[in-house]
Amino acid sequence: MNNHLLHAALAAAERGWPVFPLRPGDKRPAGHAEANCPGTGRCAGGHLVPEQRATTDPDLIRAAWSMRPYNVGIATGPAGLLVVDLDTVKAKDVKGTPDGATSLEALCERAGQAVPATYRVRTAGGGEHLYFAAQDGVRLRSTASRLAPKVDTRGWGGYVVAPGSTLPSGSYDVLDDAPVAELPAWLLEALTPPEKPVRPVRLAMPTRASRYADVVLERETAAVASAKEGGREAELFRAARAVGRLVAWGDLDRHVVEEAFQAAGESAGLRPAECRSTLRSALDWSIRTARPRETA
Ligand SMILES: [Zn+2]
């Protein structure tokens with residue numbers, strides 16, 4: 001048992017996912033709470049929360065798991081993961097409440113997207129964890145029922161119980177050992193808090209602004225066209241969002257921007273349909289959230 005959990009911890013760490021011990025047979029973190037912090041040892045410089053003390057160091061992991069049969073927590077934020085947590089229906093739920101898997105299917109259908117294939121874990125309670133690689137530089141925090149009922153996400157400030165861990169009610173097991181997929185752009189959009197309240201504005205367009213807009217469009221489409229496999233969709237999403245505010249300001253026509261990015265995305269190797277849907281959601285987002293142009 002001890003050995004099995006040690007292996008689970010080491011396996012997660014090998015993937016680059018920092019781990020920390022959870023209480024044996026439990027999903028709560030081991031160790032003291034902040035209120036009882038002794039201020040010594042690892043907390044000598046101030047209390048460390050699990051996310052801060054999670055590690056991928058095999059020696060530290062061996063030392064910790066040689067003491068007790070801890071379950072394994074994965075600190076999703078530092079692991080670069082965004083895990084979608086599909087919960088089951090509980091006795092206390094309102095009758096007719098859909099479970100997380102059903103909610104996610106409905107969400108995907110509304111977005112016109114397939115349920116993404118990725119590394120999946122079945123939870124002890126019969127739910128599922130879908131693992132995604134979060135994009136660099138995007139700090140997504142955990143959410144509860146923000147995407148849909150019974151669909152939570154674990155990012156910064158959260159953690160998941162790793163496969164191999166066991167609770168009295170069951171165990172966490174790998175359901176699909178597929179590679180961890182990148183977080184789809186449309187899910188990223190749904191999880192990205194708007195920067196400011198929506199205030200659509202359209203100001204008069206000086207020639208100087210439109211020349212600037214052309215330069216930006218050229219630069220951003222070039223970046224998409226030269227994006228490397230694995231990061232192409234993310235790059236398209238980022239670039240289209242960057243240019244989107246120029247559409248909101250009336251400096252560029254939306255169809256011009258769409259055509260330019262569609263061509264750039266396809267030349268980078270993205271499928272046309274994939275390109276179109278990423279573009280649409282990126283531009284919609286920008287236009288919805290664009291702030292007024294800053295005046296000098
Ligand atoms: Zn402490």
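I started at Gly73, which stands opposite Val161 in strand 8. Strands here are DSSP runs of E, at least two residues, and helices are runs of H or I, at least four, numbered from the N terminus.

The model is predicted, so I kept its limits in view: local features need pLDDT of at least 70, side-chain atom pairs count only at pLDDT 80 or more, and totals for chains, interfaces and linings use all residues. Residues are numbered from 1 along each chain as its sequence is written, and side-chain values use heavy atoms, without hydrogens and water.

**Sheet.** I looked up the pairing of strand 2 (residues 71–75) with strand 8 and found it antiparallel over three bridges; pairing requires at least two bridges found by DSSP. The open sheet has three strands in the order 1-2-8. Strand 1 (19–22) and strand 8 (159–161) each have a single partner strand, so one side of each has no neighbour in the sheet.

**Helix 9.** I then checked residues 254–267, which form helix 9. Its buried residues (under 20% relative accessible area, 1.4 Å probe, protein chains only) are Val257, Phe261, Gln262, Ala264 and Gly265. Gly269 follows the helix with a positive phi, near 110 degrees.

Methods. Expected span 1.5 Å × (residues − 1). Buried < 20%, exposed > 50% of the residue type's maximum accessible area, 1.4 Å probe, protein only.
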